[in-house]
Amino acid sequence: MTPQPTSGPTPRRTLLKAALLASSTALFPAPAATAASRGGGLQLPAPAGPYPVGLRTVHLTDPARTDPWVGGVREVMLTVLYPAATVRGFSRAPQLTPAEAREFATYAPLVHPGLPERGAVDWGAVLTHGYVGAPVLPGRWPVLLYSPGGGDSRTLGTSLAEDLASHGRMVALVDHPGDASQVELPTGIRTTVLAGPPDPATFRTMVDTRIADLRLVLDRLGSLPLAPVMDRGRIGLYGHSAGGTSVVYAARGDRRIGAVANLEGYLDLYPPPTGHDRPLLLFRSDGFEGGARITSSWADVPGCRALLTDAHHWAFTDYGSLVPQLQSAGLVRATTRTALVGPGDPAVTSTVVRRRVGAFFARQGL
């Protein structure tokens, strides 16, 4: 079951396990790896739903809050993905703006040693499957908000978000300036304040700030340009790592939220959210070195549990498809690939993540 508009075509789903393996060639074309060795040509897997995907960016400010990292008014950037009526005549958006790509090229190998050094990969050449400014398909679409992992920008959640949108949802990727590696604001590029793994106090500031950012977006949904086709009676949250932590706590006490998916985020920052009465997906990988803490912090939390096998922590993000391509091109070692995303077939892993998350929200009418 997938969410449906009030009118329009009905998408069909095939859940046969054989399709996971058969999709490998379509999701990850072989020429991508060869092109990557020339510094460009990395490809994100195409969304599998029946609708083409439109894309718009949104800048929000919150005059009521002071930015905890740099002072001044708090700013938030969104990428909104949605089912498009047509994409003819519109261009695919790059995953990163030129300014963001330059910063990411420096940031990535520092945070994840073993990733290609600056200049080895043209990160600005990676295209999404979202078409900038394409007209939205009429209907009333459920709304999902995504919070990325700590230190990551919203752009690393592109593939999953595109797939969710292609099945009939409005998906807003939320950036959290300050801890995000890089974010291009209307006033220019802003880079992370983090110099390494955050200490407990910094992590709490991150999560508290993210919760407030998510609630800002929820409060402003009715004023966004795409508001007329957003069904604000059907809202879900999902997030990875620190984003997973944030969405679970953001949903507590907020009756606007219908369901939450936590992709390997710790839940020991505050008292266990045992009062969480919304449907909750707790999705983890089998290779994450923080698995013992995940197990402990999830122990008393009610929810639907899922395990991603042959995978590591960042397999839930776009690294899950990009890093294996870099390995095939000889730009990262097998040990780096395993440490980041695990040894599993990226087409299978990507498809499992998409189907698990999509099916969870579909069961809740989102």
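Modeller: Let us begin with a local detail: just after helix α7, Gly-253 takes a positive phi of about 80°. Helices (H or I, at least four residues) and strands (E, at least two) are DSSP runs numbered from the N terminus. This is a predicted model, in which local features need pLDDT of at least 70 and side-chain atom pairs count only at pLDDT 80 or more, while totals for chains, interfaces and linings use all residues. Residues are numbered from 1 along each chain as its sequence is written, and side-chain values use heavy atoms, with hydrogens and water left out.

Biologist: Is α7 itself enclosed or open, and how many of its residues are buried?

Modeller: In helix α7 (residues 242–251), 10 of the 10 residues are buried, so the helix is largely enclosed by the rest of the structure. Buried means under 20% relative accessible area, exposed over 50%, and partly exposed in between, with a 1.4 Å probe and protein chains only. Among the buried residues of α7 are Thr-245, Val-248 and Tyr-249.

Biologist: What covers them?

Modeller: The cover of the buried residues of α7 includes β5, α6, β9, β10 and β11. Contact here means heavy atoms within 4.5 Å.

Biologist: Where is Asn-262, and what is it in contact with, leaving aside its neighbours within four places in sequence?

Modeller: Asn-262 is in strand β10. Its relative accessible area is 0%, so Asn-262 counts as buried. Leaving aside neighbours within four places in sequence, the contacts of Asn-262 include Gly-244, Thr-245 and Val-248, residues that are buried in α7. Leu-280, Leu-281, Leu-282 and Phe-283 are also among the residues in contact with Asn-262.

Biologist: Let us turn to the sheet. What is the strand order?

Modeller: The open sheet has 10 strands in the order β3-β4-β1-β2-β6-β5-β9-β10-β11-β12, with mixed pairing. Two strands pair if DSSP finds at least two bridges between them. β3 (92–94) and β12 (304–308) stand at the edges with a single partner strand each, so one side of each has no neighbour in the sheet. From one strand to the next, the twist averages 30°.

Biologist: How does β11 pair with β10, and how with β12?

Modeller: β10 and β11 run parallel and are joined by four bridges; Val-260 stands opposite Leu-280 in β11. Strand β11 (residues 280–285) also pairs with β12 in the parallel sense, over five bridges. Leu-282 has Arg-305 of β12 as its bridge partner, and Ser-285 stands opposite Leu-308. Five of the six residues of β11 are buried.

Biologist: Which residue of β12 stands opposite Leu-281, and what does the chain pass through from β11 to β12?

Modeller: Leu-281 stands opposite Cys-304. The chain goes from β11 through helix α8 (residues 291–298) to β12 in a right-handed β-α-β crossover. Right-handed means that, with the strands pointing away from the viewer, the path from the first strand over the helix to the second runs clockwise.

Biologist: How do α9 and α10 cross?

Modeller: The axes of α9 (residues 319–328) and α10 (residues 334–341) come within 10 Å and cross at roughly 175°. Axes are lines fitted to C-alpha atoms, for helices over the stretch in contact, and angles run from 0 to 180 degrees between N-to-C directions. The two helices are therefore roughly antiparallel, a term for angles over 145 degrees. Their contact includes Tyr-319 and Val-323 of α9 and Arg-337 and Leu-340 of α10.

Biologist: Finally, what are the totals for helices and strands, and how much of the protein is buried?

Modeller: The secondary structure comes to 11 helices and 12 strands, and 58% of the 366 residues count as buried.

Definitions and conventions:
Parallel < 35°, antiparallel > 145°, perpendicular 65-115°, else oblique.
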